[in-house]
Amino acid sequence: MVSDFGELKNLDGKIETDLEVRHKYGQNEYTQSIISVNTPLAVVHAASVRDVQATLRFANKEHLSVTALGGGTSIVNGSAGEEKGLVLDLSPLDKILEISVSDQYAIVQAGVLNGVLDQAVRKQGYFFAPDPGSKPISTVGGNIATNAGGMSSLKYGTTKQSVVGLKVVLADGTLIETGSKCFKDNVGYDLTDLFVGSEGTLGIIVEATVRILPIPFGNPTTGLATFESMKALSMSVEHLSGSGLYPSMLEALNKNSIEALDRLEKTDLSKGGAEALLIFQLDVTPAGALEALKKILQADKALYVSVTDDAEYAQKIIKIRQDYYEAEAAYGRLIVEDVAVPLSKLPELAEFVDKLSFSTPVKTFLGGHAGDGNFHPNIAIPSNLEVIPTDVEEAINKLFTYVQSIGGTISAEHGVGDVKDAWVLPQLGEQLVKVQQKLKAVFDPAGILNPGRKL
């Protein structure tokens with residue numbers, strides 16, 4: 001065990017070894033399914049790239065695990081410190097280094113909050129497309145490490161589509177740069193995409209060049225529609241996706257979620273026997289689009305349709321979706337899951353979730369990004385329970401098995417972390433896992449970077 005951190009005493013930032021602090025960084029507070037609470041050896045608050053390099057060189061020499069931490073918003077415990085390892089806190093690296101409107105990119109340090117970057121570029125008529133639910137509190141570095149999604153990923157893609165280049169510190173302290181400031185760069189292997197979604201297991205992202213987009217001209221068209229079933233809703237999603245209207249948002253909620261929102265918002269979205277709710281947006285509305293949109297929804301026998309280009313009313317509609325988790329959490333401690341299925345399998349997923357049975361008094365919900373098949377089956381358990389009941393764990397295992405059986409994935413945008421590592425082998429298969437382990441060994445021979453996670 002390391003007792004002297006002398007080599008790290010000249011950092012630009014600081015190192016903390018207080019037991020209470022170490023306990024705090026041994027788990028991610030947003031993770032509902034805590035496997036164990038670890039006690040890291042120390043927490044390094046990096047104030048410079050030099051700090052990151054020095055920490056990794058020290059850890060590599062001492063064979064200490066290193067877990068990178070941004071905003072700490074992981075719900076799969078993916079950035080919690082390992083037992084007797086180091087936590088590398090990147091949140092002090094919070095500078096926007098450059099915004100180039102003419103070249104449509106921004107260069108930011110890893111600790112810059114997504115929402116802060118978005119607000120900064122909006123002042124110049126641009127926006128940062130990735131919009132996870134944690135946008136106000138999650139970092140760009142963390143978004144890149146997990147390839148975070150969000151409501152606009154239907155049109156603009158996940159975080160990966162917005163990353164042009166990276167600065168990464170490897171396990172031995174070497175600083176490399178991948179990609180460039182060009183949107184097309186085909187020299188060498190595409191290491192930029194390799195680091196996106198790697199959850200801190202291949203290198204530590206310290207800086208990113210990301211694409212910014214001009215804010216679409218005119219007012220967006222926003223609306224909601226209710227249906228008698230998730231099957232009817234999924235057919236409408238298929239028709240809207242193939243209509244040429246290019247919606248920027250298609251969000252779906254099941255009956256229990258609608259009722260939870262009605263309870264919170266004092267609305268009556270469940271009226272008329274509605275069992276599925278679709279919230280949609282076109283951020284560009286060409287002539288005739290509004291009529292075409294309504295025609296599709298009417299042909300798909302929507303029970304209720306409300307469409308607007310009024311910005312204030314549109315924000316009320318968006319808020320309904322943003323309040324999804326708050327509405328569900330009113331029923332107890334919320335266990336949030338993250339899966340994706342082929343678009344045609346949405347009705348089957350909804351039916352499977354509805355049929356899950358429990359002996360514990362719980363309530364199940366289903367909602368998410370219908371346009372790209374990414375859904376969050378959530379379970380509210382009694383708030384007084386300190387551990388997840390066995391029947392709930394069994395239900396989640398059944399859900400993952402089912403999702404994989406219909407060609408889906410057990411992680412779409414939240415990462416693997418500690419919570420889902422047992423499901424990687426069943427999904428990828430032994431041969432592909434072996435290839436990925438060899439790849440990991442190239443970048444991290446000593447296995448110090450977030451060990452046991454991602455693979």
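I sorted the lining of the second largest pocket by residue class and counted 15 nonpolar, 16 polar and eight charged residues. I keep in mind that this is a predicted model.

I then looked up how much space the second largest pocket holds. The volume comes to about 910 Å³. Its lining is made of 39 residues. Closest to the centre I find Gly 197, Glu 199, Val 416, Gln 436 and Lys 454.

Which elements give two or more residues to this lining? I noted α6 (191-195), α14 (424-428) and α15 (430-443). The largest share comes from α15, with six residues.

**Sheet.** Next I turned to an open sheet of five strands. I read its order as β5-β6-β10-β8-β9, and the pairing is antiparallel. Which strands stand at the edges? They are β5 (96-100) and β9 (175-179). Each has a single partner strand, so one side of each is left without a neighbour in the sheet.

I followed β5 to its partner. Four bridges join β5 to β6 (residues 105-109), and the two run antiparallel. For Ile 96, I looked up the bridge partner in β6 and found Val 108.

**Helix on the sheet.** Last, I looked at what packs on the sheet here. Helix α3 (residues 114-122) does, and it touches β5, β6 and β10 (204-211). I noted the angle too: the direction of α3 makes about 35 degrees with that of β5.

Technical notes:
Residues are numbered from 1 along each chain as its sequence is written. This is a predicted model: local features need pLDDT of at least 70, side-chain atom pairs count only at pLDDT 80 or more; totals for chains, interfaces and linings use all residues. Side-chain values use heavy atoms; hydrogens and water are left out. Two strands pair if DSSP finds at least two bridges between them. Contact means heavy atoms within 4.5 Å. Axes are lines fitted to C-alpha atoms, for helices over the stretch in contact, and angles run from 0 to 180 degrees between N-to-C directions. On a 1 Å grid over the protein atoms alone, a cavity is a set of points where a 1.4 Å probe fits but cannot get out, and a pocket is an open set with protein on both sides within 12 Å along at least five of seven lines; lining residues have an atom within 4 Å of a point. Grid points are joined across faces, edges and corners, and a volume is the space filled by probe spheres set on the points. Ala, Val, Leu, Ile, Met, Phe, Trp, Tyr, Cys and Pro count as nonpolar, Asp, Glu, Lys and Arg as charged, and the others, Gly among them, as polar.
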